[in-house]
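Subject: Structure for you to look at

Hello,

Here is the structure I said I would pass on. My notes on it follow below.

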Amino acid sequence: MEFSNFNDSLLSFLQSSPTPFHATASMRHALLAEGFTELLEEDDWVVEEGGKYFVTRNESSLIAFTTPQLNLSQSGWRMIGAHTDSPCLKLKPNAQVDRFGYHQLGVEVYGGVLLHTWLDRDLSIAGRITLKTKNGDIISRLVDFKDPIAVVPNLAIHLNPQANEGFSVNPQEEILPILCGAENEFDLHELLKSQLEKQYADLSIDMVLDFELSLYDTQPAALVGLHKEYICSARLDNLLSCFVGLRALLESDQQRPSLLICTDHEEIGSLSACGANGPFLEDVLRRLTPNPEQYVQTIQRSMLVSADNAHALHPNYAHKHDKNHAPSINKGAVIKVNANQRYATNSETASVYRDIAAEENYEVQCFVVRSDMSCGSTIGPITSGEIGVPTIDIGLPTFGMHSIRELAGSRDAFGLFKVLARFTKREKLIAR
Ligand SMILES: [Zn+2]
């Protein structure tokens, strides 16, 4: 893929992926279009030399891999990891709230949402609905309302004169979206049923049983800045890395066994059946290398590049960074280092990455959090701790992480894609 259409393709991926379910579906469609075969976890697997495969779990996590050779204990895997979920507002099971003449939705806060950024946005709803068909089957379908059907209006400054000195949002009382006035009849299950009928004309619905739905900003992802040097969008953390990893795998030329893993639930600690702290990756790797001795050899001859966004130095808040480890937007991907293993990077994995980036003529930056601040974490240390694979944590520099609209550099994503594509073809990792 060339630079000219890379960002357009990225923007449409962001747009078509309002939830982890939709992000997984977007990747699934792209893989099928490129000739990958879908495997089901409950079936017997036949994996052949020269094959391209993928498997999903919970419809919200995905592992895709290529097997140009099957002596995996000799070759190891070139692995790229990212996560499909982003902080957001999720509908509670009994979400209907009627207050003071308005129909509202009760929401739970998923992950570390920067709550005030959700005010005054044109919001829609998307996610998964589970239903019973007239045949008695329980099945799930993804829905996306697309239209802006909800809004959380701000409070006027006249009623909150201290708003600019510090602003707090109570998540139980103050972040409930308004759908419509109480003069309209409103039944959430009826609304969900009519949306299913709109999207799936052939579906014979008996009743809606349950749902996992979240709100999202309908403003499309866009190139912004005097020279269009920025990408502004929701969910750049971490769909940016999912997209880059996916494109790298599709560009891998099938020289080395390569694997992409994109998991749900990172924003809440990754501990779930389909999260990075669950058994998904190990289950897949063990099926491909069932011999216990060869399994360990395979892991130790592999390397994982865990990609999740990094914090660029913000010119309005420069004091928040260590000046020697303060990445800039559009200056290349960032190696993330933490002595306390909040990142899994070590000198060997960082060196391999630096070498590949140099071959690609691509800049490398480095982030270490200020020593008087606590450090975030990501799927790198979790995956490395689970299966023991040598790992590096990297990420593209961004502003406003966990805002409803984050900002990244429009040149950075393509650069990282080139480096990761080269990584998938690389023969030498660490010499032992
Ligand atoms: Zn993230």
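Which residue in β6 does Gln96 stand opposite? The model is a predicted one, and in it Gln96 faces Leu105 of β6. The strands concerned are β5, residues 88-99, and β6, which pair in the antiparallel sense over 8 bridges. Their hairpin has 2 residues between the strands, and Phe100 there takes a positive phi near 50 degrees. Strand β6 also runs antiparallel to β9 (residues 178-181), with 3 bridges joining them. In that pairing His103 stands opposite Cys180 of β9.

Val113 is found in the loop between β6 (102-110) and β7 (123-133). Is Val113 buried or exposed? Its relative accessible area is 13%, and because buried means under 20%, Val113 counts as buried. Leaving aside neighbours within four places in sequence, the residues in contact with Val113 are Pro87, Cys88, Trp118 and His402. Cys88 is 25 residues away from Val113 along the chain, yet the C-alpha atoms of the two are separated by 6.0 Å.

Then there is an open sheet of 5 strands, in the order β11-β12-β20-β19-β15 and with mixed pairing. At its edges are β11 (222-224) and β15 (310-311), each of which pairs on one side only. Within the sheet, β19 (residues 397-399) and β20 (residues 406-409) run antiparallel and are joined by 2 bridges. Thr398 stands opposite Ala408 of β20. Helix α1, residues 3-15, lies across β11 and β12 (230-233), and runs at about 10 degrees to β12.

The largest pocket holds about 960 Å³ of space. It is lined by 29 residues, and the closest to its centre are Leu114, His311, Phe399, Gly400 and Met401. Strands β15 and β19 each supply at least two residues of this lining.

Ile392 is worth a separate entry. Neighbours within four places in sequence aside, Ile392 is in contact with Met303, Leu304, Val305, Ser306, Ile335, Thr345, Thr349, Ala350 and Tyr353.

The last item is helix α9, residues 379-387, in which Ile379, Gly380, Pro381, Thr383, Ser384 and Ile387 are buried. What covers these buried residues? The cover includes the strands β4 (78-83), β13 (258-263), β14 (303-307) and β18 (391-395), and it also includes the helices α6 (280-288) and α7 (292-300). Just after α9, Gly388 takes a positive phi of about 85 degrees.

Regards

Methods:
Residues numbered from 1 in each chain as written. Predicted model: local features only at pLDDT ≥ 70, side-chain atom pairs only at ≥ 80, totals over all residues. Heavy atoms only, no water. Pairing = 2+ DSSP bridges. Helix = DSSP H or I, 4+ residues; strand = E, 2+ residues; numbered from the N terminus. Contact = heavy atoms within 4.5 Å. Axes fitted to C-alpha atoms, helices over the stretch in contact; angles between N-to-C directions. 1 Å grid on protein atoms, 1.4 Å probe; cavity = no way out; pocket = protein on both sides within 12 Å on 5 of 7 lines; lining within 4 Å. Points joined across faces, edges and corners; volume = space filled by probe spheres on them. Buried < 20%, exposed > 50% of the residue type's maximum accessible area, 1.4 Å probe, protein only.
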